[in-house]
Amino acid sequence: MFNEELITFIEKECGTEVVGFASVQDLADKEIKDITKMNRILADYTPLYSSDTPVLQPSEFMDNAKSCIVMAININFGKKDLPGNPPRSEIMNFYVNHDCLNYFAERAQKVIGFLEEKGYSGFSLNAGVSQKLIGARSSILRYGKNAIVQSPVMGSMIGIMLIITDAPLEIDEALKDACGDCTLCREACPTGALNKPYVCDIEKCLTMHMIYNKSALPKDIREKSGTVIAHCNVCVNVCPKNRDLPVQTGISLPEDLVYPEIAPLVNISDEKYTEMFDGTFLEFTFLDKKYLQRNAAVALGNYGDPVYVPILAEALETQAEDIVRGHAAWALGRIGNADAKKTLEAFLKKESSSELKAEVEYALSM
Ligand code: B12
Ligand code: SF4
Ligand code: SF4
């Protein structure tokens with residue numbers, strides 16, 4: 001049976017024990033509607049998405065596609081006690097580390113090479129498809145109430161690899177729900193984005209705002225975002241399915257990028273930004289360093305240590321971008337000690353931009 005031959009190859013050559021086989025049948029109308037809705041919402045926040053992107057069917061990615069190989073790769077790098085002192089935040093490894101993307105690409109290439117040796121074709125589905133939806137058709141992944149998918153053996157700290165193929169593989173039966181009465185993720189989500197089980201209310205999700213929102217962050221999101229500057233992993237970290245998992249040591253972990261110190265990011269120079277993030281997925285999705293600065297300012301405000309007032313004051317007074325200055329003002333208001341207030345009051349006297357003035361006035365009222 002080709003399924004077993006493939007599993008043996010993947011276990012040996014790719015170092016993953018979790019392999020499944022999903023159907024490539026067309027997406028259901030509800031699934032198309034949900035993806036279209038997501039595209040529409042994200043398009044309101046970022047030019048990276050468009051509301052009229054057509055939703056492609058899995059079979060459109062390859063002629064004569066018969067099935068999809070699903071692999072789950074461990075991306076549990078071991079949890080840090082964040083934010084600590086000095087405060088740090090977390091960015092997903094693959095956003096900042098080419099090794100991480102290469103690790104996935106090399107494995108996809110190996111599987112495709114193996115398929116070709118046997119006379120078949122394979123195509124790695126990275127973009128333009130919902131990895132969760134297709135993955136959950138296999139016997140290795142199922143949706144959790146946190147709206148991401150989990151493997152019974154590897155939890156949800158996983159990278160999902162999909163390879164569509166014309167090889168005659170036997171399709172798995174989908175798994176059953178395993179959340180039972182648990183509601184930990186829903187209770188832990190800082191914004192209530194998971195109030196409806198298995199569904200993420202995208203506009204409430206901190207990750208969405210930090211990464212895709214290209215305007216001022218809504219005030220309630222600022223207040224609830226703690227020290228998150230990119231990825232909020234709360235609904236992943238609290239899940240009991242993610243306890244006691246092996247730590248991934250086969251992929252490098254550049255700690256200063258994955259767990260960066262927040263304070264130096266607020267006034268980060270173009271040179272330093274390029275040095276840290278040039279060519280990364282973070283650079284691609286953020287579009288401009290000012291959004292990382294915006295997020296870092298808010299995180300520093302939420303951290304609340306008056307020792308960071310001078311850094312925020314420097315941002316308010318010297319940064320060129322109003323979005324950075326406005327969020328630095330908010331952060332000063334959030335810290336709210338005498339120095340922060342003095343800085344805000346002095347700034348208000350000389351500032352002429354009405355938008356920025358409104359931010360400063362709001363900060364003073366906090
Ligand atoms: C866009 C996107 C986002 C958006 C939108 C999230 C979303 N809900 O899809 C935002 C920015 C909010 C986001 C946030 C996060 N993301 Co994200 N995201 C994506 C991306 C690029 C596309 C997702 C997509 O196509 N969604 C389409 C919508 C329609 O699908 P859906 O949410 O799965 O909706 C289905 C369920 O709600 C289900 N459903 C509804 N009711 C019920 C009832 C039952 C009983 C069941 C079983 C199912 C069910 O039906 C819907 C479909 O019809 C994928 C990568 C990719 N190419 O797939 C990563 C991806 C899904 N994200 C990922 C992660 C880890 C996250 C975060 C934890 C942040 C982080 N650390 O990166 C948060 C988690 C938020 C959450 N709880 O959902 C991982 C998930 C890995 C995993 N184990 O599943 C992925 C696969 C990226 C990756 N390669 O690692 N993400
Ligand atoms: S990533 Fe954070 S904000 Fe988004 S759904 Fe999960 S816990 Fe909620
Ligand atoms: S925390 Fe509980 S409810 Fe949420 S995904 Fe994990 S098991 Fe399911």
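A residue is taken as near a molecule if its C-beta atom, placed from the backbone, lies within 6 Å of it. The model discussed here is predicted, and by that criterion the residues around ligand 2 are C189, P190, T191, A193, L194, C200, C205, L206, T207, C232, V234 and C235. Divided by class, this shell has 10 nonpolar and 2 polar residues, with no charged residues. Two helices, α7 (206–212) and α9 (234–237), each supply at least two residues of the shell around ligand 2.

Among the cysteines of this shell is C205, which is found in the loop between α6 (184–188) and α7. Is C205 buried or exposed? There are 21 other C-beta atoms within 10 Å of C205, and a residue is buried if that count is 20 or more, so C205 is buried. The C-alpha atom of C205 is separated by 12 Å from that of D220, which is 15 residues apart from C205 along the chain.

The shell around ligand 1 has 32 residues, of which S130, Q131, I148, Y198 and C200 come nearest. By class, the residues around ligand 1 divide into 19 nonpolar, 8 polar and 5 charged. At least two residues of this shell are supplied by each of α2 (29–45), α5 (131–135), β6 (158–165), α7 and α9, and α2 gives the most, with 5 residues.

Ligand 3 is surrounded by G144, K145, N146, C179, C182, T183, L184, C185, V238, C239, P240 and K241. The class division of the shell around ligand 3 is 7 nonpolar, 3 polar and 2 charged residues.

## The chain as a whole

The secondary structure of the protein chain comes to 18 helices and 6 strands. The radius of gyration of the chain is 22 Å, close to the 21 Å that the globule rule gives for 366 residues, so the chain is as compact as a globular protein of that length. Along its principal axes, the C-alpha trace spans about 75 × 40 × 40 Å.

Buried residues make up 42% of the 366 residues in the protein chain. Of the contacts with a separation of 6 or more, 76% are accounted for by residues 24 or more positions apart.

## Helix packing around α16

Two packed helices are described by the angle between their axes and the distance between the axes. How do helix α16 (residues 322–335) and helix α18 (residues 354–365) lie, and at what angle do their axes cross? The two axes come within 7 Å and cross at roughly 10 degrees; angles under 35 degrees count as roughly parallel, and α16 and α18 are therefore roughly parallel to each other. In this contact, D322, R325, G326, A329, W330, L332 and G333 in α16 meet E355, L356, E359, V360, Y362, A363 and L364 in α18, and by class the contact has 8 nonpolar, 2 polar and 4 charged residues.

The axes of α14 (289–303) and α16 come within 8 Å and cross at roughly 5 degrees, which makes α14 roughly parallel to α16. Here K290, Q293, R294, A297, V298, L300, G301 and N302 in α14 meet I323, V324, H327, A328, W330, A331, R334 and I335 in α16, and the residues of the contact divide into 9 nonpolar, 4 polar and 3 charged. W330 is listed in the contact of α16 with α18 and also in the contact with α14.

## Backbone details in loops

The peptide bond from N85 to P86 is cis, with omega near 5 degrees, and P86 is found in the loop between β2 (67–74) and α3 (93–96).

Positive phi values occur at Y198, where phi is near 75 degrees, and at L287, where it is about 70 degrees, although neither residue is a glycine. Y198 is found in the loop between α6 and α7 and is partly exposed, with 13 other C-beta atoms within 10 Å. L287 lies in the loop between α13 (281–286) and α14, and with 14 C-beta neighbours inside 10 Å it also counts as partly exposed.

Key:
Residues are numbered from 1 along each chain as its sequence is written. Chains are lettered from A and ligands numbered from 1 in the order in which they are written. This is a predicted model: local features need pLDDT of at least 70, side-chain atom pairs count only at pLDDT 80 or more; totals for chains, interfaces and linings use all residues. Helices (H or I, at least four residues) and strands (E, at least two) are DSSP runs, numbered from the N terminus. Ala, Val, Leu, Ile, Met, Phe, Trp, Tyr, Cys and Pro count as nonpolar, Asp, Glu, Lys and Arg as charged, and the others, Gly among them, as polar. Axes are lines fitted to C-alpha atoms, for helices over the stretch in contact, and angles run from 0 to 180 degrees between N-to-C directions. Angles under 35 degrees count as roughly parallel, over 145 as roughly antiparallel, 65 to 115 as roughly perpendicular and the rest as oblique. Two residues are in contact if their C-beta atoms, placed from the backbone, lie within 7 Å. The radius of gyration is taken over C-alpha atoms; the globule rule is 2.2 Å times the number of residues to the power 0.38. A residue is buried if 20 or more other C-beta atoms lie within 10 Å of its own, exposed if 12 or fewer, and partly exposed in between; C-beta atoms are placed from the backbone.
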